[in-house]
There are 2 protein chains.
Amino acid sequence: MQRAAAIMLPQLGGQALSYGAGAGPGTLIAWLVGHLQRVEAHPVSITETLITGGNSDAIDQLCTLCTQPGDVVFAESPTYHLAIRILRDHPLDLRPAPADEHGLQVDVLADAIARLRREGRRPRMLYTVPTFHNPTGVSLSDERRRALIELAEAEGMVIVEDDVYRELVYDGTAPASLWSLAPRGVVVRLGSFAKSLAPGLRLGWLNAEAALIERFVNSGLRDSAGGTSHFAGMVVAAFCESGAYDELGQRFRAEYRRRRDTLLDALAEHLPATCSWTKPAGGYFVWINTPVDTVALLPRAEAAGVGYVPGSKFHIDGRGQTALRLAFSLYPPDQLAEGARRLGQALKEVV
Amino acid sequence: MQRAAAIMLPQLGGQALSYGAGAGPGTLIAWLVGHLQRVEAHPVSITETLITGGNSDAIDQLCTLCTQPGDVVFAESPTYHLAIRILRDHPLDLRPAPADEHGLQVDVLADAIARLRREGRRPRMLYTVPTFHNPTGVSLSDERRRALIELAEAEGMVIVEDDVYRELVYDGTAPASLWSLAPRGVVVRLGSFAKSLAPGLRLGWLNAEAALIERFVNSGLRDSAGGTSHFAGMVVAAFCESGAYDELGQRFRAEYRRRRDTLLDALAEHLPATCSWTKPAGGYFVWINTPVDTVALLPRAEAAGVGYVPGSKFHIDGRGQTALRLAFSLYPPDQLAEGARRLGQALKEVV
């Protein structure tokens, strides 16, 4: 990043320090459009691409610009718990869309929407992480993807697809995004440099129909300030253009694959037979079902030197009390293996 | 900025690329607290300081986190027109608080609030630029400042003080901020690096009572993403610590003073006697009252090679039709003088 800054600033420092375009730096958008087409073999247009301050910023601004007070917004449950907190900071009617071990249950969502319509209401938005899900690590099946898109299209509901883990794929290729499968106007896809490069950059992107991109660009915020995280975006454009992003992606995938494999092996070795867990093909997370209350277990686990996030944190309907989320992204393999051993011990003491 | 990045990244690159604290980089907050005390000879505490993505971001987040749908928010009229657009992107009941050539008319605002109370309602917030106002360049008198604070305190109304021009002072010292004059909890003061350093950084700060800072830090957005514009903030911390910020401030003030003086001299030479204008002691702007419709005049002025923003843009109540705003920040003195000559010509043709 230091080299990228040293290359970019003498050439484009004036641009990097000026307001910049509301949609984001043109250099970054140009690179991104080519990159996204390579990642997913699906055409992406400049007019359908907006640079954001990352997915959290994008969710916040989607709420501000594309919802009205009281709008019904579904969030899959379990889901990324801090996305829920962003949604809750807006005056929305937030409802759970239950998910099972194959991801979002589209038929259950369809029933919930049918009940809603009987109240004379329609859903505005659905938040979902269909690929390498946070917290479960699973991906929505192709069949459910198509059913979900059909449902959203019929109901006029916008799907907000948090696609932050797409590039962290360890087995085969990632499933096609909802964005690439859906007709225009049904899906807003959120991508980020937070996982595939660095979170401190506060930098991501959004793919949506051109009219929605225009709504963002013409918002008061961007009209006044220009694009979000502009300076970081100019540095990252130089970083990506140098080829360093692709190189880093390969290193990330190789290392995270090693960590996942180590963790899954260690879980198989150390966890009681009463536990089951997901085998993620990408992303950061393993979701473990246990026979115990994982909130109650946490102090015991922490005393033994291992941490996790209790499953109930990721639900908006009180479920998940016996589940827990492990992340294999932060720690080297030997620590992950030791962590699994300690977790197994803590579980065996109470089971 | 290149030197700052080259110094910071080898030492603190890991921090700059990690999530970072929700309140912003500690290094930047530490420098800022000392700097703000020097600027205004008023103590500022770390717990009352938050790093923002600039004043536009701060206004947007204040609306999201500190208002309810339908809340009455006053904005002085005229005021910064793009702040109005940010406020309008939120479901608020926006009302004008008229200003005259001495700034916000506190007695008129008090009457408007009294009428509001007769409807059983109270104002939530007031947006104002009391120092080197955008668009008029004037500063609110000390007497009106104290009256405004008293009114806001009595009514439980939060004053959002856009203090972005404070450091661009050309005559004497800037008036004491509302923030420094008011009891805790009455004023939220917004400061920014956009005018005193560079807008592309998307970096500013907010001073408010510690409980409001906590509300921001504990918001879903910051809990999920960390502080806003974190990477730029880490670079700017190194820039400021090097002494470069203070040096640059002196250069900015000297150059902008020269531009203001040149423009005011040229206006006196070229504008018809039927025009009057403000003589700003700081900031970017001169506000001109003319005898003509300035929207109708604009094509003629532009054909003569001079631009301005018509006064009606800055009002939310349809006033300002014969006023216009000039900015002396962008152009060198000779171009400002020539612009004044052209504007005078365009005005004389229609007066």
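This is a predicted model: local features need pLDDT of at least 70, side-chain atom pairs count only at pLDDT 80 or more; totals for chains, interfaces and linings use all residues.

Me: What makes Glu255(A) and Arg259(A) a salt bridge?

Reply: The closest N and O atoms of Glu255(A) and Arg259(A) are 2.8 Å apart. The cut-off is a Lys or Arg side-chain nitrogen within 4 Å of an Asp or Glu carboxyl oxygen, so the pair of Glu255(A) and Arg259(A) qualifies.

Me: Is Glu255(A) buried or partly exposed? And what about Arg259(A), buried or exposed?

Reply: Glu255(A) has a relative accessible area of 23%. Buried means under 20% and exposed means over 50%, so Glu255(A) lands in between, as partly exposed. Arg259(A) comes in at 13%, which is under the 20% mark and therefore buried.

Me: Why are Asp317(A) and Arg319(A) called partly exposed?

Reply: Relative accessibility is 31% for Asp317(A) and 34% for Arg319(A). Those values fall between 20% and 50%, so both residues count as partly exposed. Their side chains meet in a salt bridge at 3.1 Å, N to O. In chain B, the side chains of Asp317(B) and Arg319(B) also meet in a salt bridge, at 3.1 Å. There, Asp317(B) is partly exposed at 30%, and Arg319(B) is partly exposed at 33%.

Me: How many salt bridges are there over all chains?

Reply: A search of the whole structure finds 42. Some link up into a network, which joins Glu40(A), Asp163(A), Arg166(A) and Arg189(A). Between chain A and chain B the count is four. Arg85(A) and Asp223(B) form a salt bridge, with their closest N and O atoms 2.6 Å apart; that is within 4 Å, so the label holds.

Me: How do you know that chain A and chain B are in contact?

Reply: Contact needs heavy atoms within 4.5 Å, and by that test 47 residues of chain A are in contact with 47 residues of chain B. The two chains bury about 3,600 Å² between them, with 58% of it on carbon and sulfur atoms. Asp89(A), Arg202(A) and Phe231(A) supply 18% of the area that chain A buries against chain B, more than any other three residues. The count of residue pairs in polar contact between the chains is 28. On the side of chain A that touches chain B, the largest share, seven residues, comes from α1(A). The residues of that side divide into 22 nonpolar, 17 polar and eight charged.

Me: Why is strand β7 (residues 187-192) of chain B called largely enclosed?

Reply: Six of its six residues are buried, so the rest of the structure largely encloses β7(B). Val187(B), Arg189(B) and Gly191(B) point one way, while Val188(B), Leu190(B) and Ser192(B) point the other.

Me: What makes β6 (residues 158-162) of chain B and β7(B) a pair?

Reply: Pairing takes at least two bridges, and β6(B) and β7(B) have four, in the parallel sense. Val160(B) has Val188(B) as its bridge partner in β7(B). β7(B) also pairs with β8 (residues 204-207) of chain B, in the antiparallel sense and over four bridges. Ser192(B) stands opposite Gly204(B) in β8(B).

Me: Which strands stand at the edges of the open sheet in chain A, and why are they edges?

Reply: The sheet has four strands in the order β9-β10-β12-β11, with antiparallel pairing. β9 (276-277) and β11 (309-310) of chain A each have a single partner strand, so one side of each is left without a neighbour in the sheet. Further in, five bridges join β10 (residues 285-289) to β12 (residues 323-327) of chain A, and Phe285(A) has Ala327(A) as its bridge partner.

Me: Last one: why is His133(A) called buried?

Reply: Its relative accessible area is 5%, which is under 20%, so His133(A) is buried. His133(A) lies in the loop between β5 (123-128) and α6 (142-155) of chain A. Its side chain makes a polar contact of 3.0 Å with that of Thr136(A). Leaving aside neighbours within four places in sequence, the contacts of His133(A) include Glu76(A), Pro78(A) and Phe285(A).

How values were computed: Residues are numbered from 1 along each chain as its sequence is written. Chains are lettered from A and ligands numbered from 1 in the order in which they are written. Side-chain values use heavy atoms; hydrogens and water are left out. Buried means under 20% relative accessible area, exposed over 50%, partly exposed in between (1.4 Å probe, protein chains only). Helices (H or I, at least four residues) and strands (E, at least two) are DSSP runs, numbered from the N terminus. A polar contact is a pair of N or O atoms within 3.5 Å; within protein, one must be able to donate a hydrogen and the other to accept it, and residues adjacent in sequence count only if both atoms are side-chain atoms. Buried area is the accessible area (1.4 Å probe) that two parts lose on being put together, summed over both. Ala, Val, Leu, Ile, Met, Phe, Trp, Tyr, Cys and Pro count as nonpolar, Asp, Glu, Lys and Arg as charged, and the others, Gly among them, as polar.
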